[in-house]
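Take a look at it, then read on for a helix pair and some disulfides.

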Amino acid sequence: MLPLQTLLLIFCLMFCPSCECAKDYVTALADSILFFDAQRSGPLPANNPIKWRGNSALGDCVVGGWYTGPDHLKFGLPMASATDFLLWSVYKWKDSYVRAGQLTQMYDMVKWPLDYFLKAWNSTKQELVYQVGEENIEYSYWGRPEDMTHPRPCKVASAAHPGSDVAGATAAALALGHLVFKDKGDTVYSNQLLNAAKSLYKFATDHKGSYQTDTFPSEKYTDELCLASVWLYRATHTVQYLNEAKTYIDNDDIYALTQDSKDLACRQLLYEETHEDSHKTAVVDYFNNWLPGGTVQYTPCGLAWRMKWGPLGTAAKSAFLALVAADSGIEIDRYRKWAVEQINYILGDNPHNGGCFSFEVGYSSRYPLQPHHRGASCPDRPAHCDLAQYSADTPNPQVLTGAIVGGPDEYDQYLDVRPDWVYNEVQVDYNSGFQAALAGIVHLLSINLLPTTNNKCPCNQ
C-alpha cells in the first residue's frame with residue numbers, strides 16, 4: 001500500500017492539476033510534531049521518538065514542559081501561546097491529523113505542556129510558576145540539557161505579583177485542552193483541565209497586572225484574558241465568559257499575531273460566536289494590511305516580512321488565522337491562496353542556495369544544517385559538548401527534525417550559520433503557527449479545495 005503522503009499527492013494531481021502539489025504537507029506536519037518532542041524537559045517516556053534526547057532538569061521546581069527555544073529556559077507565555085495554536089489546529093482540523101496518521105502522536109505531544117501547566121498552577125496557594133531558569137546562567141551554558149548541573153531558579157505570579165497575561169494564555173490553553181481531550185473521550189483528564197482553566201482565569205481577573213520578566217515581555221494582558229474567556233465560553237456555554245471577552249477588546253490597529261499579541265485571534269473567535277460586523281471588520285482590516293498592497297513589507301520572493309526576529313513564524317501564524325477566517329466565510333479564496341503561498345515559501349519556494357530550500361529542518365534535500373540549538377549541536381553522549389560545538393563550522397551532529405528557523409532578512413538573504421541566532425534560532429512559538437497552518441492546508445487538500453498558488457520563486461524540482 002502506498003504511503004498516505006503519496007496517495008494525497010496523486011489525489012492532488014488528479015483532481016486539482018493547476019494546484020501546487022509538489023509540497024509534501026503531510027510529512028511537513030508530521031516532522032513538526034517531532035520538533036516539539038525534541039524540546040521536552042523532564043523524564044522522557046518509553047515511546048520517546050528523539051533518540052538523542054534523554055531525561056533532563058529533573059530537579060526543576062516544576063518538572064516537565066518544553067524548553068522554549070535553543071537553550072534550556074522554560075517560559076510560560078510562549079509555551080502557552082504555542083500550545084494554544086497547536087490545540088486550536090486539532091480542535092478545528094482533527095481530520096488532518098487523522099489523514100496524516102498523526103492523531104495519536106499529536107495527542108501525546110500536546111499533552112506534555114498541558115501536564116506541565118497543571119503542575120505549574122497551584123490553586124490553593126494562588127501561584128503560577130511562569131519561568132524556570134535564569135537567563136544569564138542559561139545563556140552562558142552551551143551543552144546538553146541532560147548534562148545540566150547549574151541552579152535553575154523559578155519566577156512565580158501571585159496575588160502580590162500579578163501575571164494576568166501569562167495566566168490568561170495558560171487558562172486559554174487549558175480550556176482548549178479540555179475541548180480537545182473531551183472530544184478524544186478522555187473525560188477525567190478533560191474535566192481536570194477545565195477546572196484548572198476556570199480557577200486560573202479567576203486568578204488572572206481577580207489580580208490584574210502584567211507579569212515580570214526580562215525575556216518575552218508583555219505589552220498588555222487584555223488580549224490573553226479575551227482569548228481565555230472566549231475559549232471558556234466554548235467549553236462551558238456560560239454567557240458571562242462571552243460578555244467578559246467583549247470588555248477586553250482593543251480597537252487599536254493590530255500589528256501582528258504573536259506570542260504576546262492575541263487580539264486578532266480573539267477578534268476572529270468573537271466573530272464566530274457573535275457574527276458581529278465589528279469583529280469581522282477588525283479581521284479584514286488586519287489582512288488588508290498583511291496581504292500584498294497593504295502596509296506589511298514583502299521580500300522579493302513573496303514572504304510577508306513583518307519583523308526581524310522570527311519572520312517565518314510570524315508569517316505562519318497569520319497564515320493559520322487566514323485559513324481560520326476563510327473557513328468562517330471571510331475572503332475565502334483570497335485568504336486561502338495567500339496562506340498556502342506563505343507556507344510554500346517556508347517549504348521551498350524561495351531563492352536560498354539556488355532555490356528549493358526548506359526552512360523546516362529535515363524536509364526535502366536542502367534545509368538548515370546548523371540551526372541555533374544547544375542539544376542538536378552536541379555529539380552523541382558521552383562525548384563532551386561545550387562552546388566548541390557552538391562555533392564549529394560543521395553541520396549539527398543531531399538533526400532537529402521539523403524545526404523552522406528564524407528565517408531570512410527582508411531581502412530573502414539567509415545564512416545557515418549556528419552562531420547567528422537571528423537567522424537560525426528555533427522556538428516552539430515559531431513552529432506552532434506553522435504546524436497549525438499545515439493542518440489547515442492538509443484539510444483543504446483532503447476536500448479538494450487546495451487553491452491555485454502563484455509563488456514568485458517557485459521550486460520546480
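Contact here means heavy atoms within 4.5 Å. This is a predicted model, where local features need pLDDT of at least 70, side-chain atom pairs count only at pLDDT 80 or more, and totals for chains, interfaces and linings use all residues. Residues are numbered from 1 along each chain as its sequence is written, and side-chain values use heavy atoms, with hydrogens and water left out.

**Two helices side by side**

- Helices (H or I, at least four residues) and strands (E, at least two) are DSSP runs, numbered from the N terminus.
- From α3, Phe-85, Trp-88, Lys-92 and Trp-93 meet a set of residues in α12: Lys-317, Phe-320, Leu-321, Leu-323, Val-324 and Asp-327.
- Sorted by class, that contact of α3 with α12 has seven nonpolar, no polar and three charged residues (nonpolar is Ala, Val, Leu, Ile, Met, Phe, Trp, Tyr, Cys and Pro; charged is Asp, Glu, Lys and Arg; polar is the others, Gly among them).
- Helix α3 covers residues 76-99 and helix α12 covers residues 311-327; they pack at an angle of about 30°, with their axes 12 Å apart (axes are lines fitted to C-alpha atoms, for helices over the stretch in contact, and angles run from 0 to 180 degrees between N-to-C directions).
- That makes α3 and α12 roughly parallel to each other, a label for angles under 35 degrees.

**Disulfides**

- The structure holds five disulfides, a disulfide being a pair of cysteine sulfur atoms within 2.5 Å.
- One of them joins Cys-226 to Cys-266, with 1.8 Å from S to S.
- Cys-226 sits in helix α8 (residues 222-236) and Cys-266 in helix α10 (residues 263-274), so this pair ties together parts that are 40 residues apart in sequence.
- The torsion about the S-S bond of Cys-226 and Cys-266 is about -65°, so the disulfide is left-handed.
- Cys-226 counts as buried at 3% relative accessibility, and Cys-266 counts as buried at 2% (buried means under 20% relative accessible area, with a 1.4 Å probe and protein chains only).
- Cys-301 and Cys-457 form another disulfide, with their sulfur atoms 1.9 Å apart.
- This pair links distant parts of the chain, 156 residues apart: Cys-301 is in the loop between β5 (297-298) and β6 (304-305), and Cys-457 is in the segment after α17 (428-446).
- Cys-378 is joined to Cys-385 by a disulfide, S to S 1.9 Å.
- Cys-378 is buried at 1% relative accessibility, and Cys-385 is buried with a relative accessible area of 9%.

How values were computed:
Angles under 35 degrees count as roughly parallel, over 145 as roughly antiparallel, 65 to 115 as roughly perpendicular and the rest as oblique. Buried means under 20% relative accessible area, exposed over 50%, partly exposed in between (1.4 Å probe, protein chains only).
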